[in-house]
Amino acid sequence: MNVLAYLIPISLILGGLGLVFFIYTVRSNQYDDPEGDARRILSDDWDDRPRP
Amino acid sequence: MSTAFRAPVSACPACSAAPAAEALAARALPDARIALSLPTIHCAACISKVERALNAHPGVKSARVNLTLKRASIDAAPEVTAEEMRALVERAGYEAHELDAGTLSATATDRAGRELLMRLAVAGFASMNVMLLSVSVWSGAEAATRDLFHWISAAITLPAIAFSGVPFFRNAWAALRHGRLNMDVPITLAILLAVVTSLWETSLSGEHAYFDAAIALTFFLLAGRYLDHRTRAIARSAAEELTALEVPRATRLRDGAEEVVGVADLAVGDMILVRPGGRMPVDGVIASGTSELDRSLLTGETLPVFAGVGQAVSAGEVNLTGPLTIRATAVGAETSLHRMADLVAIAESGRSRYTSLADRAAKLYAPGVHILSALAFLGWYLATWDLRTAINIAAAVLIITCPCALGLAVPAVTTAASGRLFRRGMLIKNETALERLAQVDTVVFDKTGTLTTGTPRLTNLDALPRDALELALALSQASAHPLAQAITKAARDAGFAAAEVSEITEVPGYGTKGVFAGQEVRLGRASWVGAEARAETATFLKIGEAAPLAFTFTDALRPGAGEAVAALTRQGKRVILMSGDTTPAVKALAARLGIGEWLAEALPADKAARVAALAQEGAHVLMVGDGLNDTAALAAAHVSISPASALDAARVASDIVLLGNDLSPIGAACETAQSATRRIHENFRIATVYNIVAVPLAVAGLCSPLIAALAMSVSSITVSLNALRLR
């Protein structure tokens with residue numbers, strides 16, 4: 001049963017990481033334009049260098 | 001007194017001056033934030049084309065297209081105007097309209113939504129982890145392992161609930177402080193009691209802890225709240241966009257020079273130029289110019305009225321033929337347009353008496369649950385004299401009965417129904433509008449601008465001689481007046497060619513005249529050509545000294561008007577036509593659409609009073625209207641619909657806005673509303689069945705955390721699936 005001592009913290013940390021990333025996406029307005037973001041990937045405007 | 005007040009301000013001049021100067025500097029050069037509505041964009045190529053066109057302009061700092069909202073937001077140097085940006089996008093090949101950036105307050109609603117989403121995410125994360133730990137407890141973890149799992153669950157649940165449960169705690173506190181009960185009171189009580197008893201149980205190494213139930217409950221209920229919020233946020237942003245499309249600007253004359261200013265900056269005494277086709281921004285008196293005014297949005301009259309120097313005009317009237325200069329006599333909230341708001345406020349007080357289905361359920365449910373749980377506690381305490389068992393059972397009863405499914409029952413259905421109606425072009429602005437729409441048995445229509453488009457159509461083309469028509473066409477071609485344009489269109493469609501008329505001049509406010517074969521010909525108002533005025537909308541042609549010929553008009557029907565009336569009649573609803581227009585015009589339209597009851601020449605107060613009288617007789621009235629004269633009636637009706645072309649005031653007063661030009665969705669919307677309400681009732685019944693099965697178990701002390709979790713999840717899922725069945 002000692003394996004629990006590792007597994008429970010690991011599962012909590014991994015889950016917590018997911019939560020933190022989700023909160024980051026919400027805070028950085030990544031859900032403002034879901035349709036546009038899905039289409040933007042198809043445009044080749046900034047393929048050779050990043051947008052300034 | 002005033003010196004004592006002033007002293008601290010000047011005590012440190014530098015401290016207050018520095019930020020003030022900064023603020024001034026910031027205000028001196030504000031970046032222009034421009035928003036454009038782009039209704040036709042739809043693909044990746046559109047995005048990059050529009051963005052490239054906008055970013056190519058030297059004054060633009062950044063431009064970004066939002067495809068979901070079909071909007072472009074532009075950060076630009078202060079001298080850049082929205083008109084330039086609009087022209088750029090049009091040149092790129094897309095339709096663009098300016099949006100009033102002040103009206104778009106997307107950020108405020110967005111913050112509330114984001115906050116809810118964050119709480120939902122935290123609750124979801126915590127409930128998944130706690131459920132995972134609970135599964136091992138249910139499957140037989142014992143002694144120290146079980147205690148360890150309970151403690152870990154507690155460590156996750158407590159902070160998660162403290163953060164995620166805030167909306168419920170806040171609402172419950174607000175209700176309790178006013179001595180009322182709402183759905184949030186039993187929710188809060190159940191969550192808190194579950195957490196406290198579970199902590200107590202855990203500290204005594206007990207077998208049953210309800211951390212999983214408490215956090216899953218929070219999660220499901222937050223999901224319901226979030227759905228509810230999203231539906232309303234979508235409706236609100238679409239309604240805001242409609243308002244923002246009308247940018248309130250006016251042309252002010254100062255020392256002979258024209259300047260374009262915001263309507264909010266106008267003051268009493270300002271001289272304002274209103275061009276043909278423009279809407280009066282303020283109440284005023286005509287200082288120079290003659291023209292005709294279209295007052296249909298205010299009074300429902302379709303016949304344009306003459307406007308000359310010295311005549312009073314009200315905000316909202318449309319100038320038709322000649323440029324007018326008006327001196328403002330009332331601006332902003334003082335205008336007659338805004339004074340109508342008082343009438344609306346009075347009418348609205350009647351409607352606020354409606355209690356939603358959810359509130360009615362809560363009123364029955366909340367006290368019942370509390371009494372049941374208190375009885376269970378008392379019974380067990382008296383039977384066993386064991387406080388721990390009694391509190392455990394009371395908590396189990398509260399959790400089992402907790403309105404998980406009830407909290408989802410209404411939002412899941414309204415989200416599904418609103419989404420469906422939105423795709424058909426109807427915007428549900430009010431959260432209880434669907435329930436109220438389902439009860440409707442009487443429909444009151446306005447005429448001008450609602451059943452009709454407000455654009456005239458020539459009716460007696462066949463009865464007029466050919467040469468008269470050719471003359472009229474020559475004269476009407478030269479004018480932008482709606483009646484003249486109707487003649488032009490009808491005559492061209494019938495294949496007539498214009499006669500050779502020389503010296504054509506338009507006399508604003510009267511008509512158009514010219515010379516044909518040495519005779520003067522006039523096309524215009526009855527009084528100008530010496531004709532007898534008629535009851536229906538008409539214009540007259542006078543050739544030389546001959547008797548004037550009448551051209552008569554009716555309003556063109558709005559598309560779908562016939563279908564809407566037919567569908568409503570088929571559903572067994574009483575349809576009434578109420579208009580401020582003249583009796584013959586209203587009578588003719590009623591006959592054309594097959595409406596049996598009609599009321600003509602109704603003043604705004606008449607309409608509201610008539611709607612109120614219908615309500616008194618027990619009818620649930622749906623009012624469909626667009627003008628200022630309908631606003632009070634819209635607010636007084638049980639539920640109201642206005643088309644997107646309506647005045648802002650009318651759209652604000654109504655519960656549902658029709659986004660398209662078509663009226664036909666109204667009939668289908670009533671059916672959707674009825675089936676939505678049926679689903680809500682079904683959902684309440686499903687939730688009750690789960691309670692009836694589970695409550696005896698809980699009261700008997702047989703309910704384990706496993707049963708609680710199962711009952712909660714299964715009932716929530718059934719209710720959501722039932723909502724999705726909505727067609």
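Predicted model: local features only at pLDDT ≥ 70, side-chain atom pairs only at ≥ 80, totals over all residues.
## Chain A

The secondary structure of chain A amounts to 2 helices and 0 strands. Its radius of gyration is 18 Å, well over the 10 Å that the globule rule gives for 52 residues, so chain A is more spread out than a compact globule.

## Contact between chains A and B

In the interface, 18 residues of chain A are in contact with 17 residues of chain B. On the side of chain A that touches chain B, helix 1 (3-27) and helix 2 (34-40) each supply at least two residues, and the largest share, 7 residues, comes from helix 1 of chain A. Sorted by class, this side of chain A has 9 nonpolar, 3 polar and 6 charged residues.

## A sheet in chain B

Chain B contains an open sheet of 3 strands in the order 10-9-12, with antiparallel pairing. Strand 10 (305-307) and strand 12 (318-319) of chain B are the edge strands, each pairing on one side only.

Strand 9 of chain B, residues 291-294, pairs with strand 10 of chain B in the antiparallel sense over 3 bridges. The bridge partner of B:L293 in strand 10 of chain B is B:V305.

Methods: Residues numbered from 1 in each chain as written. Chains lettered and ligands numbered in written order. Contact = placed C-beta atoms within 7 Å. Helix = DSSP H or I, 4+ residues; strand = E, 2+ residues; numbered from the N terminus. Nonpolar A, V, L, I, M, F, W, Y, C, P; charged D, E, K, R; others polar. Rg over C-alpha atoms; globule rule 2.2 N^0.38 Å. Pairing = 2+ DSSP bridges.
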